[in-house]
Structure formats: structure tokens, C-alpha cells
Amino acid sequence: MLDTLLPILIFVALALAAIGAWRRIRLWRQGCPSPVPFFRGLAAVPRRYLVDLHHVVARDKVMSNTHVATAGGFVLAAVLMILVHGLNLAEGILGWPLLAASAVMFGGSLFVMRRRRRPPARLSRGPWMRLPWSLMAFSLGVFLITLPTVGVLPEDIGSWVLALLLATVVAWGLGEMFLGMTWGGPMKHAFAGALHLAFHRRPERFSSRHGGEGRSTGLKALNLDDDQAPLGVETPSDFTWNQLLGFDACVQCGRCEAVCPAFAAGQPLNPKKLIQDMVVGMAGGSDAHYAGSPYPDKPVGEHHGDPQGPIVAREGRALLNAETLWSCTTCRACVEECPMMIEHVDAIVDMRRFLTLERGDTPNKGAEVLDNLIATDNPGGFDPGSRMHWAADLDLPLMRDVEQAEVLLWLGDGVFDMRNQRTLRALVKVLRAAGVDFAVLGDEERDSGDVARRLGDEATFQSLARRNIATLAHYRFQRIVTCDPHSFHVLRNEYGELGGHYEVFHHSTYIAELHEAGRLHFTPWKGGTVTYHDPCYLGRYNGEYEAPRNVLKALGIEVAEMGRSGYRSRCCGGGGGAAITDIPGKQRIPDMRMKDVRETGAELVAVGCPQCTAMLEGVVDTPAEVRDIAEFAADAVTHEDTSAADGPSRGGHGDDASPTASTRKEVMS
Amino acid sequence: MPHEPITTLPLTVAVLLSVGRHPVTGRARRADQDARGLELALSMAAARIELVHAGPFDDACEVSMRGYLGMSAGHAGSGADSVTLVDQPSQADVVPALCRTLSESLAPQLVIAGERAEQGEGSGMLPYQLSESLGWPLVGGIVAVEGVEEGVATLLQALPRGQRRRLSVRLPVIVMVNATAMAPRQSAFGPARRGTLAVVEQPAVHDAAQDEWRVQPARKRPKRLKIVKATSARERFKAAAAKSDGGGGQIMKDVSPDEAAAAIHKLLKEEDVLR
């Protein structure tokens, strides 16, 4: 009886799955066009899955092995089952690997079950709680029906009751595994995820066989050419189709939620819920069926949307509230952790673009900062003619005068901030000690456009970027060095699309290089314990985790690492304009970061970003002093030529960085 | 946006816009006070809004007008997405042209203007001159239009130290917004770019007086130093909360111009302004 029932079951399930797939694809195709290399994308799936995706999954060893067993076992079992039980091909031979595959899958599903017994808060419940049972039903059912096929058990064992029972178990498994994949069960992640890997909007983020960085973090430019086109994402269908596909790939593992600083601070953001809301919007309906953690303090079931409806309502409720979008610090922790390679930050900035460019609704100080950027080219509204006041006594060579230099020192808007001026002075001292031929743009420099872009004001970003690129085109230099990771990221990764290609170095990288080349010598560190805070825009955005640590090591400092450092570093709370939009939460993100610092027992926290410095120094009752890498270096730098020795002292005193006669000559020659 | 339903009285509000100038960089922008005027107009439900600017149509003018147009997000049907640009040469007196545009083509019942422009003549005289030539009443220091019923507008006027006075004025009327009126909303790039600038021609009247003038940056006005005499916290608080203007002074009514001038002269001597 099973012989006739099984092929029917299998092919009905496959046919229904195909119909589901067609419906699912239609949902994605509501999005805007986005050309992809179709066949090359599909061909890249195995590598992207086995290398890039697995690289992320493997951070959790147990779960990684569980997934390998379950998913690997399933794929093999499914294919063999179609051959053996569906088409009755080579039953005797293929039956054995089928038994093995289903056994492996069953083993994996036991681990899935174990994790579901007391699931961590980040995991979604609801239909996900039945998944281990379904996995077991499928694997066990397939195993049992295959036993007679290979002749372990006689063909006619048991009664028709047993056969029917077995068929039911198999049908359940097929229903979850095949139908659920395309009709919207937990297994949807496999179908959408595979296609998402194939047609990812950032194909360059995947590694390739020929090496390459495999990193793509710059935001994509918004086309501003058509002056009648609405800008940004207003409705779910304004996303590109492959972004919608990406949202659908979410497996609701909640790794993003676990690392999101805004969620931890009790701000109304949960990256996982955000992606699920986009899925709700794409399919139409309400978020009542969402079974994971909500946005902090925002009950589930009050929001609803449809593909053509607004995501953020002007009044009342739609898919989500604007504060959810403005809580994001764009720290990319969620993107870094996402095993499905979903681009949360892109989506958030796309929606912010609509709110800022079309609705004129940037919260709190946002509008003021953008007005300042438009009117004065800096977010603080300072006189652009006063950019160099901090360096009145330093006699910095201006590009306008020298026209070319080895290094263009990009100062950033920190020039207006008294704390950052200390860092800048320290950096100048270090560069002079190493005899670097550098120059600055002076009053010709403008804000890099980072804040404007993250606040959604693409127009102001592009205006600033184009003018900066035009200015830079006048001068000859080999590289740009900056102590601001935000400028660093924008100059390095986001100006290219607008025609500005530069070799850009973060000052920590450059100092490490100078030290390596023997151009800098440090007196050994005698201070207390030091920990290092990775700035998001240096680390996760640009993969620079080593250079700052190398500088500290060169100084003789052993870094007491925080629990969350490197690619898991916790944001300071100052990125993405979050300090400007200032969405209230239960606690402040920098306070949490300082708690991390406190746990290391460090007396000093080394930073490499003016924004991080400002945020961490804003913490009251702080356990550690905040000091920039440049200040550490400037304090310890020794001059080889004795005439220039002015002894190690704390960076930031006015005369520290002023050139002595001999170093000055060196710079000029 | 669909057209908003027009209530029983199709009220037309004209907002006079000038080319603003950023105080630090001097770049063209929407003028703060005129933007407050537009904010006031946008906050009035069911009003037809006419945006009017008279002056030379150049780059600065376009940048500035687009700044105002960017405030029309969500109000596209009200008329806030289009500026009537009365093109005038830079040496022209804009009052006659503005007068003709207002009375002949736009026919508003309510005209909103700022108290003072950010550049150009910027004297704040324009609303007065308009009022004179149109023969309409003028009310200054307005922070809100609370309602318009049967041709009478209820206005809220700002007085010193946060006091407010409610006024009823028969339309048509020209009002000047106070600097304490609701701050203007953010100007959005999309609507700013899509908004239209409708250029209309009006005969230009040469402003002969302007030829005589020499324009130079304004000097900062001298400020009276506050001398703190308080010895206790309570006194300091009282001083901080007190009116900034002194308690002295006298009100002179029905006096001859000579007597009035003599009184002013005497005061200036006392204050060491004249020596």
C-alpha cells in the first residue's frame, strides 16, 4: 500500500510546494527592479552557503553542527527520497544512503529539540516550537519507510493500520518540509535564503575563490537625477525585489536582537521584529502572529500594513513607528551576526531617506543638524572660516599652499570640538615626530556627509561629497589619513560611487605602519591597565581590528579585552545620528559600554573615534579615562634626534605638537 | 495628496516670502520669520495658500524659495507647493508690483508677512507700505490665527514676557508673525524639488531712493550691560525674572513736537549717548 501512497504523497507535496514558490516569488516581485546576474548568482550559491554563511553560523559551534546534520541530512534525504520512493529508482542501492541521511537528520533534530526545551529569549516561538517535531517526523518517517526498501524488514510487514500511520507521519514531515518552505512556515528560510544568497543586493560582500575582502558596507547611492521621482522607501513595495527576498529569508534566530545596542538599551527597536514587520508588509496583514520579542515596551498586534501602504503612518499606526527607525545606531552588529546575510542597516536607511527627504520628519535635533550642514558644511553650525582656529599655533601646511604632499590629513568636524582638538594635536605631534610629509585642506574641508547620509538626507550627503571630491581633485597626495572612522568609511567606501577613489588610512593603521617602518619610537608604557573599544565604523565597517591593537602593543600595552570586542564590539551609541535623534530608552548605550569597560578593571579605555570619545566621556561616574590611540602614541613618542626631544607628556598641551626647528626642517625637505 | 475639502468659507491666505541669508555663512536660505509665517498658514486647516515673492529671479532666489516649498510635504493640495514669483529687477520698488499681484490676481483675505527680512532693505516697512496702498488693516506680533468665521479672524498677538492678547479683526487683513510664533517645520528635499515656481510679470517701478544708498554690513547694536547688584539668591532670581527694560521713563501725551524732542534730547544726554 505504501508503494502506491508514497509517490502520490511526494509528488502532491512537490506540486503544492511549486505553487507556493510561485506565489512567494510574486510577493517578492512587488518590489522595485534590481538587475542581478541570474545564472552566475545561482551558481555562486554553494560557495556562498558553505563558506560565507557557514562562517557566521560556525560562531556557535553546537548550533552549527546541529544545522549541518539537520540541513545536510534533509537535503540528501529529500533528493534520495524522491528518487527512491517517488520514482522507484535503484531502490536497493540508494536506499542505504537514504537511511544514513535520515538518521543523520534525526540526530540533528534531537539537538534542535534540546535547544527548544528552554529556548533563549532571542528565539521566536510560535510555529518554530513545532519545528523539531516536524524534523523528527520527516526523518523518522523516511527512515522507517526505507527499511523495507533495502530489505531489512520484509515488504509486507505490519498491517494497513501501521502503513497508514507511517504515511501520516511522512505526510506531516513533507507538509512542514516541502510545503512550509514556500507557503510560509519555519522552513521558508531555506527556500528564500538560498535564493537570497543567489540574488543578494551586495554580491561583493561574499568572499571569492580568488581572495578579496568579501566586505561591502558602504551605503548605496540614491539616484537623484529624476526630479519627479519620490525618494526613499515609503511602502514595502518601494524596496527592491531582492531586498524583499532578503527579508523573507529571516530564520528568526534573534542573533541580531542579542547584539543590538538599541534593543539592549530598551529603545523601541528589535532588528528581528523589524525584518518580520517588512515580511508582514510585503504579504499584507498584522503583526499579531509574530512570536518573538517585541520592540521594547511596544505590544505586538497593534501594527499592520500592506505592500502598497505606508510603512510609517503620518498619523496613527502603520507597520512600525518612526522611533523604531531612528533608534538604530547603524553599528551593523545585526548585519555582522545575521547568518542569512540580511542587510538591516540598508533597509533602515532606505526608510529614513523617505522620512527625511519626502516627509521632512527627522526627529529632535535632526532637522537642525541638517540645516547646519546645508548652510555651514558642518553639523554644529560653526563658521566654516573658523575650521583651523584650533591649530592657530601649529602652523600646519595647507594644501592650498603646498599643492602636494605624501599624506592628506583629513581633520573631520572634530576640529570644532575641544576634546577632539586634543586628539588632533596629538596626531600632528606623532606625524611630525615621524617626519611625515603631510598637509591639511584647512577651511576647504567640509563635513564628509556621514551624518547627513545616515539621517536619510542623501541630497545633502551627495552635495557635500561632490564638493569634497572636487576640492580633493585639485591636489596631489598618495593617501588620506584621518582620525575619524566615519570620515574614513565615507571617503574610502562611499565616495567611490560618486567618482572619488582614494587610499584612505585610519590614523591607527598609519601609526602602526610608521612604527613598523621604524619611523616612530615609543618609550615603554608605565601606566595602568588599558582596554580597547573597537569603533563600529573602523571594525565592522572596515575590518580593521588589528592595527589599533598593534599600536598599543608597540607602546608596550597589553590590552585587557572586553567581553564584547572585535567584530562583536558594542556600539558607543553615537553612530548613525543616534545621538542627534536621541530616541529615549530605559538606559543609555554608552553607559552599557562603560559597564563593559568596568568589567575588565581597566583604568584607561583606548578609542579611535571622536564620536566614541564623546559618547564614552559623557558617561557619569566613569570607571576609566577615555584616551585616543593618537594620544597614547603622542605621549610615548621619543625623538631620535635629541634636539627635538621634549620628553613624554600628556597629549593635548598646546606646545606639545608645535614643531621644533629640526623637525620642521625635516617636514619641509 | 487629494484635494482637501474646502469649508464653507474658501479662505485664501497669501504668505509673503523673502530671500533669507544665513547669519554665519551668508548663504541663501528660507528666511526664518517668513518660514514662521508659512508655518502659521500651514497650521490653519482648510486654507488655500498662495506663496508670493517679488524680486529678481536668480539662483539665491530659487534656493530660498525651494526652502519654503520643502515645507509643503503633506499639503500639496493646499497651494503650498507653488510660489508665485513676481519677477522684478533688483533696483525696483517691489511694493506696487506686489500690491497689484495681491489685489488683482491672488485676491487673498489674509496676508502673512514676517516682521523683518534677513537682507536687502530688511527694514520691516514692506507690510506697512502694503497696508497703506491696499487700504487694509495691519496687525503685528501675531503668533496664531485661531479661526476665521464670517469674515472675522481671531488672532493671537504676542506681548512682552510671554503674554498673549486675543484680537478679532475683520478681513481682509495683513498680519506680521512674531519671532515667538511656532518654529517652522523641516524643509524636505523631495517636495522642495518638485514644487513649482510660477513667474509672473509686473511692470517694474524704479526705486529712485535706492540709488543713493551705500550698502554695508550692519554693525552689531550696542547692548546695555546688565549690572548685577544682587547679594542674595532671591534677589538674583528677581533680577533675572524682572522686565529687562528699566522701570523709569515717562509717557508724554499731547505735547508739542519741540517739547517731545527736548525730552528725548535730555534722555540721550543722561544716558551719555550724546555728549
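**Entry 1: salt bridges between domains 2 and 3**

I began with charged pairs and counted 3 salt bridges between domain 2 of chain A and domain 3 of chain A. The model is a predicted one, and I keep that in mind for every entry below. One salt bridge I looked up joins the side chains of Asp297(A) and Lys586(A), with 3.4 Å from N to O. I then turned to polar contacts across the interface of domain 2 of chain A and domain 3 of chain A, and the rule finds 17 residue pairs, both residues at pLDDT 80 or more.

I noted which helices take part.

**Entry 2: where the domains lie**

I went back to the domain bounds. The assignment divides chain A into domain 1 (2–200), domain 2 (249–358) and domain 3 (371–668). Over C-alpha atoms, the centres of domain 2 of chain A and domain 3 of chain A are 32 Å apart.

How much area is buried between domain 2 of chain A and domain 3 of chain A? I read about 2200 Å², with 56% of it from carbon and sulfur atoms. In domain 2 of chain A, the residues that lose the most area to domain 3 of chain A are Ala265(A), Trp326(A) and Thr329(A), together 21% of what that side buries.

**Entry 3: chain A against chain B**

Next I looked at the two chains. I found 28 residues of chain A in contact with 14 residues of chain B. Chain A and chain B bury about 1500 Å² between them, and carbon and sulfur atoms hold 47% of that. Of the area that chain A buries against chain B, 27% is supplied by Asp227(A), Glu358(A) and Ala375(A), more than any other three residues.

I counted 3 salt bridges between chain A and chain B. In one of the salt bridges I checked, Asp377(A) pairs with Arg27(B), and the closest N and O atoms are 2.7 Å apart. For polar contacts across the interface of chain A and chain B, the rule finds 11 residue pairs, both residues at pLDDT 80 or more.

I listed the elements that give two or more residues to the side of chain A that touches chain B: helix 14, helix 15 (366–376) and helix 19 (458–472) of chain A. Helix 15 of chain A gives the most, with 6 residues. By class I have 12 nonpolar, 6 polar and 10 charged residues on the side of chain A that touches chain B.

**Entry 4: Gln33(B)**

Last I picked one residue of chain B. Gln33(B) sits in helix 1 (residues 32–43) of chain B. Is Gln33(B) buried or exposed? I call Gln33(B) buried because its relative accessible area is 16%, and the cut-off for buried is under 20%.

I then listed its contacts. Leaving out residues up to four places away in sequence, Gln33(B) touches Gly114(B), Glu115(B), Arg116(B), Val177(B) and Ala179(B). For Glu115(B) I noted a distance: its backbone nitrogen is 2.6 Å from a polar atom of the side chain of Gln33(B).

How values were computed:
Residues are numbered from 1 along each chain as its sequence is written. Chains are lettered from A and ligands numbered from 1 in the order in which they are written. This is a predicted model: local features need pLDDT of at least 70, side-chain atom pairs count only at pLDDT 80 or more; totals for chains, interfaces and linings use all residues. Side-chain values use heavy atoms; hydrogens and water are left out. Domain bounds come from an automatic or database domain assignment. Buried area is the accessible area (1.4 Å probe) that two parts lose on being put together, summed over both. A salt bridge is a side-chain nitrogen of Lys or Arg within 4 Å of a carboxyl oxygen of Asp or Glu. A polar contact is a pair of N or O atoms within 3.5 Å; within protein, one must be able to donate a hydrogen and the other to accept it, and residues adjacent in sequence count only if both atoms are side-chain atoms. Helices (H or I, at least four residues) and strands (E, at least two) are DSSP runs, numbered from the N terminus. Buried means under 20% relative accessible area, exposed over 50%, partly exposed in between (1.4 Å probe, protein chains only). Contact means heavy atoms within 4.5 Å. Ala, Val, Leu, Ile, Met, Phe, Trp, Tyr, Cys and Pro count as nonpolar, Asp, Glu, Lys and Arg as charged, and the others, Gly among them, as polar.
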